[in-house]
Amino acid sequence: MNKSWIYVALTSFFELVWIFGFNVASEWWHWIPIVFFIFVDFHFLAKACENLPTGTVYAIFAAIGTVGTALMDVFIFGETLGAGKLFFIAILVVGVIGLKIADGVDEKKGLVK
Amino acid sequence: MGWLFVFAAAISELVGVVGLNKYSEQKTFTNTILFGGGFGAAFAFLYMSFNYLQVSTAYAVWIGIGTAGAVLINMLFFGESRSKGRIASLLLIVIGVVGLKALS
């Protein structure tokens with residue numbers, strides 16, 4: 001079980017890595033590690049979903065990804081994020097988490113998708 | 001302009017997810033193209049949107065639309081329950097996307 005949560009952390013981390021890469025890539029060969037990190041991201045996502053409910057994994061993954069990119073925007077890329085944007089990003093993330101938790105609830109009820 | 005790319009990225013991701021499901025059932029050439037092509041296109045469009053929009057805005061909307069799109073497809077075509085929780089969550093995502101659009 002603990003191993004699965006490590007996979008969640010790893011997939012979230014590599015998600016942020018390739019997003020960062022998308023923004024700094026300037027040479028053709030930069031895409032080699034970026035594509036590699038995307039596959040690593042997917043690998044850990046699949047691993048995490050083996051033992052944890054998919055909805056839960058994805059909800060956390062999406063939340064960390066969104067918060068992470070917002071922080072990246074402000075502190076690394078020097079963008080400003082107004083209160084309004086933060087507010088609407090937060091609402092959107094709550095919606096994503098809500099949908100994924102609903103998925104998790106259905107999984108526990110044994111409903112077939 | 002950037003918004004077209006984000007929407008295209010979200011739709012491509014949905015194609016990729018459908019392809020992945022089909023691919024896991026049967027590894028045909030068509031399913032491989034759907035799977036690889038869908039996700040490949042999603043990342044390409046997302047990359048292009050980053051050139052026009054802030055990273056955090058583009059990423060949040062991509063995740064939101066992708067998630068909402070998957071749920072809508074499941075509801076409309078695969079009989080997933082239309083619980084109040086799901087409807088409320090979909091509304092939140094729509095409000096978030098519209099709000100970010102208005103502020104950009």
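A search of the whole structure finds 25 aromatic pairs over all chains. One of them joins A:Phe13 and A:Phe14, whose ring centres lie 5.3 Å apart with the planes at 75°, so the pair is edge-to-face. The model is predicted. Chain B contains four helices and zero strands, and a nonpolar core of 51 residues is the largest in the structure.

**Aromatic pairs**

- In the pair of A:Phe13 and A:Phe14, the angle of 75° is over the 60 degrees that edge-to-face geometry requires.
- A:Phe13 is partly exposed, because its relative accessible area of 48% falls between the limits of 20% and 50%.
- A:Phe14 has 15% relative accessibility and therefore counts as buried.
- A:Phe42 and B:Phe39 form another edge-to-face pair, with 5.3 Å from centre to centre and 65° between the planes.
- This pair crosses between chains: A:Phe42 belongs to helix H2 (residues 31–51) of chain A, and B:Phe39 to helix H2 (residues 29–50) of chain B.
- A:Phe42 is partly exposed at 33% relative accessibility, whereas B:Phe39 is buried, with a relative accessible area of 10%.

**Aromatic cluster and charges over rings**

- One aromatic cluster draws on both chains; its members from chain A are A:Trp18, A:Phe22, A:Trp31 and A:Phe42.
- From chain B, the cluster takes B:Tyr23, B:Phe35, B:Phe39, B:Phe43, B:Tyr47, B:Phe50, B:Tyr59 and B:Trp62.
- B:Tyr23, a member of this cluster, has B:Lys27 over its face, at 5.0 Å from the ring centre.
- In chain A, the charged end of A:Lys100 sits over the ring of A:Tyr58, 4.6 Å from the ring centre.

**Nonpolar core**

- Within the largest nonpolar core, A:Trp18, B:Val61 and B:Trp62 touch the most other members.
- Chain A supplies at least two residues of this core from each of helix H1 (2–24), H2, helix H3 (54–75) and helix H4 (83–108).
- Chain B likewise supplies at least two from each of helix H1 (2–25), H2, helix H3 (55–77) and H4.
- H3(B) gives the most to the core, with 11 residues.
- A:Trp18 also belongs to the aromatic cluster. Residues up to four places away in sequence aside, A:Trp18 touches A:Ile34, A:Phe37, A:Ile38 and A:Asp41 in chain A, and B:Phe43, B:Leu46 and B:Trp62 in chain B.

**Chain B overall**

- Along the sequence, chain B follows the pattern α-α-α-α.
- The C-alpha trace of chain B spans about 45 × 35 × 15 Å along its principal axes.
- Chain B has 104 residues, of which 45% count as buried.
- Where contacts in chain B join residues at least 6 apart in sequence, 60% of these contacts link residues at least 24 apart.

**Helix H4 of chain B**

- Helix H4 (residues 84–103) of chain B has 20 residues and reaches 29 Å from its first C-alpha to its last, close to the 28 Å expected at 1.5 Å a residue.
- The buried residues of H4(B) are B:Arg86, B:Ser89, B:Leu90, B:Ile93, B:Gly96, B:Val97, B:Gly99 and B:Leu100.
- B:Ser89 counts as buried because its relative accessibility of 6% is under 20%.
- Leaving aside residues up to four places away in sequence, B:Ser89 touches A:Gly95, A:Gly98 and A:Leu99.

Key. Residues numbered from 1 in each chain as written. Chains lettered and ligands numbered in written order. Predicted model: local features only at pLDDT ≥ 70, side-chain atom pairs only at ≥ 80, totals over all residues. Heavy atoms only, no water. Buried < 20%, exposed > 50% of the residue type's maximum accessible area, 1.4 Å probe, protein only. Contact = heavy atoms within 4.5 Å. Phe/Tyr/Trp six-rings, centres within 6.5 Å; stacked < 30°, edge-to-face > 60°. Lys NZ or Arg CZ within 6 Å of the ring centre and 35° of its normal. Expected span 1.5 Å × (residues − 1). Core = buried A, V, L, I, M, F, W, Y, C linked by side-chain atoms within 4.5 Å.
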